[in-house]
Amino acid sequence: MYDVVVAGGGNAALCAAIEARRRGATVLLLERTTREWRGGNSKYTRNLRCADPATYPDEEFLADLAGVTGQDLDRDLAALVIERSRELPAWMEAQGVRWQPALRGTLQLDRTNRFFLGGGKALVNTYYATAERLGVDVRYGFAVTGLRLDRGRCDAVLLDGGETVPARAVVVASGGYEANLAWLAEHWGEGAWNYRVRGSRWNDGALLRHLLDQGAQSRGNPRGFHAIAVDARSPQFDGGIVTRVDAVPFGIVVNRDAVRFADEGADLWPRRYASWGGLIALQPGQIAHCLFDGRVAGRFIPSVYPPVRAGTIAELAAALGLDAARLARTVAEYNRAVALAELCEMRSPAPVQEPAECDSLKRLIRRGESVEVRPRNHGCLSK
Ligand SMILES: Cc1cc2nc3c(=O)[nH]c(=O)nc-3n(C[C@H](O)[C@H](O)[C@H](O)COP(=O)(O)OP(=O)(O)OC[C@H]3O[C@@H](n4cnc5c(N)ncnc54)[C@H](O)[C@@H]3O)c2cc1C
């Protein structure tokens with residue numbers, strides 16, 4: 001009998017297996033999928049955020065978390081995560097993980113985040129190699145379907161082939177239910193069937209459901225998901241990190257009615273990008289289009305799919321199947337607002353100093369009269 005059986009084969013499972021083995025336990029790790037697909041969502045990651053007294057103090061980390069989660073922040077859990085995150089780099093290095101400089105681009109994370117050399121796939125491969133070197137038994141193609149409970153204590157795991165594996169202790173690290181669209185639809189409505197899940201298709205939450213059915217307590221907010229804007233041309237599952245749309249803060253985002261629905265520049269992109277999936281999920285058809293001027297191409301990491309290009313807003317509308325008149329109005333309103341903001345915030349080369357002057361400009365703009373302004377920078381979409 002194994003001392004510890006670990007269900008799952010991603011970051012959480014591997015860290016648990018390695019640590020248990022280093023403390024002298026015999027360990028079996030059961031990964032549901034094949035060796036080639038092992039590593040769950042962890043294989044798609046690139047970096048982790050950790051507190052560092054010199055560069056990223058606990059208070060700032062907490063403020064960043066509060067900034068994205070708002071009232072829903074679980075302060076006890078956040079404090080634990082932040083405190084223990086300081087130990088992570090040294091522990092990871094001891095398992096063979098190496099670091100690389102932060103990527104440049106829209107997400108400026110070099111002060112707050114550590115990038116592992118070679119990305120998540122290399123991280124996972126390193127952990128598997130370390131685990132196996134230490135003597136962890138790894139089996140692929142074994143899905144854990146349940147736990148056998150004896151008077152509140154788990155003494156075995158049940159496999160989908162009907163087999164039972166006894167264990168002194170069990171670690172469930174089989175991911176969430178990100179790839180289970182029916183379960184997502186329970187919280188997000190029928191629109192969930194339109195989602196593109198860039199993570200692992202194997203995370204269907206079956207074991208999680210089993211635990212909840214057994215009376216396990218749930219924690220967290222099921223609608224508070226970390227969801228990014230994914231290129232709609234991606235495969236249904238496993239598109240990975242290259243499908244992310246990073247152009248948002250450099251342009252405007254419109255829904256299928258050619259209407260903007262959120263402030264593209266509300267905050268710095270590293271604190272904002274994980275909100276856009278949720279914002280798009282609330283739009284009709286769960287689809288949106290990010291429009292940017294050709295002049296800003298190259299300032300962000302592009303999606304793996306090339307952008308649709310057009311010489312005018314009308315041509316772009318035709319290419320995207322949007323209402324041309326409505327899109328033209330949306331772009332014009334946005335450009336006017338940017339120009340006005342520039343003038344009123346006195347950032348223009350010829351600043352408008354008087355509030356009264358600003359108000360009269362606003363009136364003109366509301367009436368649709370032309371105002372001659374010299375847009376200063378990237379804020380406007382041309383044509
Ligand atoms: C594209 C992408 C990029 C990301 N980038 C980052 C990043 O840069 N930094 C960051 O901190 N986070 C990132 N995340 C989030 C991060 O991937 C997850 O928080 C993390 O991987 C969770 O680790 P885990 O071990 O709990 O789950 P996973 O890594 O998803 O592992 C779950 C494992 O369980 C296995 N499994 C599932 N069901 C069963 C079963 N019934 N029996 C046995 N095994 C089973 C799966 O095959 C898989 O191996 C990203 C996520 C995605 C999708």
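A residue is called buried here if 20 or more other C-beta atoms lie within 10 Å of its own, exposed if 12 or fewer do, and partly exposed in between, with C-beta atoms placed from the backbone. The model is a predicted one, so local features need pLDDT of at least 70 and side-chain atom pairs count only at pLDDT 80 or more, while totals for chains, interfaces and linings use all residues. Numbering starts from 1 along each chain as its sequence is written.

Ala-258 has a positive phi of about 65 degrees and sits in the loop between β10 (252-255) and α8 (276-281). Because it has 22 C-beta neighbours inside 10 Å, Ala-258 counts as buried. Asp-238 also has a positive phi of about 65 degrees, this time in the loop between α7 and β10. With 18 C-beta neighbours inside 10 Å, Asp-238 is partly exposed. For background, most residues other than glycine have a negative phi.

Helices (H or I, at least four residues) and strands (E, at least two) are DSSP runs, numbered from the N terminus.

Next, the interior. A nonpolar core is a set of buried Ala, Val, Leu, Ile, Met, Phe, Trp, Tyr and Cys residues joined through C-beta atoms within 7 Å. The largest one has 33 residues, and Val-5, Val-6, Ala-7, Ala-17 and Leu-29 have the most contacts inside it. Elements giving two or more residues to this core include β1 (2-7), α5 (119-134) and β9 (164-172), but α1 gives the most, with six. Another core, of 24 residues, lies apart from it and has Ala-247, Ile-280, Cys-290 and Val-331 among its members.

Around the ligand there are 35 residues (C-beta atom, placed from the backbone, within 6 Å). Gly-8, Gly-10, Gly-40, Gly-175 and Gly-199 come nearest. Elements that give two or more residues to this shell are α1 (11-22), β2 (27-31), β3 (47-49) and α7 (206-213), with the largest share, three residues, coming from α1.

Then there is an open sheet of three strands, in the order β3-β5-β4 and with antiparallel pairing; strands pair if DSSP finds at least two bridges between them. β3 and β4 (99-100) are at the edges with a single partner strand each, so one side of each has no neighbour in the sheet. β4 pairs with β5 (residues 113-116) over two bridges, and Trp-99 stands opposite Phe-116 in β5.
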